Amino acid sequence: MKKLAIIPGDGIGPEVIAEGLRVLAWFRTNRGIEFELWQLDLGADRYLRDGTTFPAPVRDEIAASCAAVLLGALGDARVPGFEHARDILFGMRMGFDLYANVRPVRALADSVVPLKGRTARDVDFVVFRENTEGIYAGIGGQLRRGSGDEIAINEDINTRKGVERIIRAAFAYARQSGRRRVLMSDKSNAMRHAHELWQRVFQEVRLDYPEIEASHLYIDALCLELVRDPGQFQVIVTNNLFGDIVTDLGAALQGGMGVAASVSSNPEHPERVKLFEPVHGSAPKLVGRGLANPLATLLCLCLLFEEFGSSAAAQELEGAIRATVESGETTPDLGGSLNTTAVTDAVLARLARGRAA
Ligand code: IPM
Ligand code: MN
């Protein structure tokens, strides 16, 4: 049986993960999809209690025995330096070399698309975000800290290997999923050393995918085009930081942070553990009020089912989520008036009745 590590984490993390577990239980009982669940007590509370962030034995056990990790959210005002979250999150993304952070941007209903005159059909693309290097590599330092002459540096790390493998992953995904277009985004007009590498590698890799239309936009222009006409995009590949930023924009196009899901994996080593996480953060203001939208986590379960052998289950769950959103049974962020648990109840009720109901 596949082992799934569960890290509820901070803020609304435990609230949305609890809903995810209810849905997993439904699929276990009704569809025979079984995971061995391994609950991990990691996050700000644990860190503040005993200083633990991401212990090596836990890391090793995840790497050795887990098919996947489901992470709620990390971030807590009591840890302003974010050190526990960095250890846990980057410990998995970078530590397990999960270089492809795949973030589907798909609107579930016309009503949640914020752009005038656009429908859900206009918002359907996938972002491939490089997940192990770039500005996130943590290379840099501070000099003369606190003085009037201080210097703060973060280096943008772009390796040939890192750039090539994420670009290849995007093209391979386009081919395998029947998409016709891949767009690479960088800022090579300003960052000419680092991003000229992206340009060159992109031109090289595209030759292996002659049937795919390859194009390029600088990241600023991409932001503009995403708002102006999102329907033109199918697959977008970009670096770690730009991928982070552009997927928040993408989340807005699909209805908000409450419905954005992601999976991080290593396509060169598909047997390696995969990390599923909602794109949203720990949202401290929503904690304990029933306002957290569980759908991003439930959409992570769709991605999880897709990866682990049950496309039918993924479609069934997504259908139920879609129908729930279409009928307005949502939390307030999507315009509804239900609380976190009631939204999951609505999804479960649809699953029980069959998706068309
Ligand atoms: C995300 C988040 C993280 C990131 C933060 C929490 C470090 O914004 O997953 O998009 O920047 O990658
Ligand atoms: Mn982000």
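The structure is a predicted model, and the secondary structure of its protein chain comes to 11 helices and 12 strands. Along the principal axes, the C-alpha atoms fill a box of roughly 55 × 50 × 40 Å. Among contacts between residues at least 6 apart in sequence, 73% join residues that are at least 24 apart.

The table collects values for the chain as a whole.

| Property of the protein chain | Value |
|---|---|
| Residues counted as buried | 52% of the 357 residues |
| Accessible surface | about 15400 Å² |
| Part of that surface belonging to carbon and sulfur atoms | 51% |
| Charged side chains | 40 positive and 46 negative |
| Separation of the centres of the two charge sets | 3 Å |

Because its relative accessibility is 5%, and buried means under 20%, R93 counts as buried. When its neighbours within four places in sequence are left aside, R93 is in contact with L98, R103, R129, N131, T132, L275 and E277. P294 stands 201 residues from R93 along the chain, and the C-alpha atoms of R93 and P294 are separated by 23 Å.

Definitions and conventions
Residues are numbered from 1 along each chain as its sequence is written. Chains are lettered from A and ligands numbered from 1 in the order in which they are written. This is a predicted model: local features need pLDDT of at least 70, side-chain atom pairs count only at pLDDT 80 or more; totals for chains, interfaces and linings use all residues. Side-chain values use heavy atoms; hydrogens and water are left out. Helices (H or I, at least four residues) and strands (E, at least two) are DSSP runs, numbered from the N terminus. Buried means under 20% relative accessible area, exposed over 50%, partly exposed in between (1.4 Å probe, protein chains only). Contact means heavy atoms within 4.5 Å. Accessible areas come from the Shrake-Rupley method with a 1.4 Å probe; for residues, only the protein chains shown count as cover. Lys and Arg count as positive and Asp and Glu as negative; His and the chain ends are not counted. The place of a charge is taken as NZ of Lys, CZ of Arg, CG of Asp or CD of Glu.
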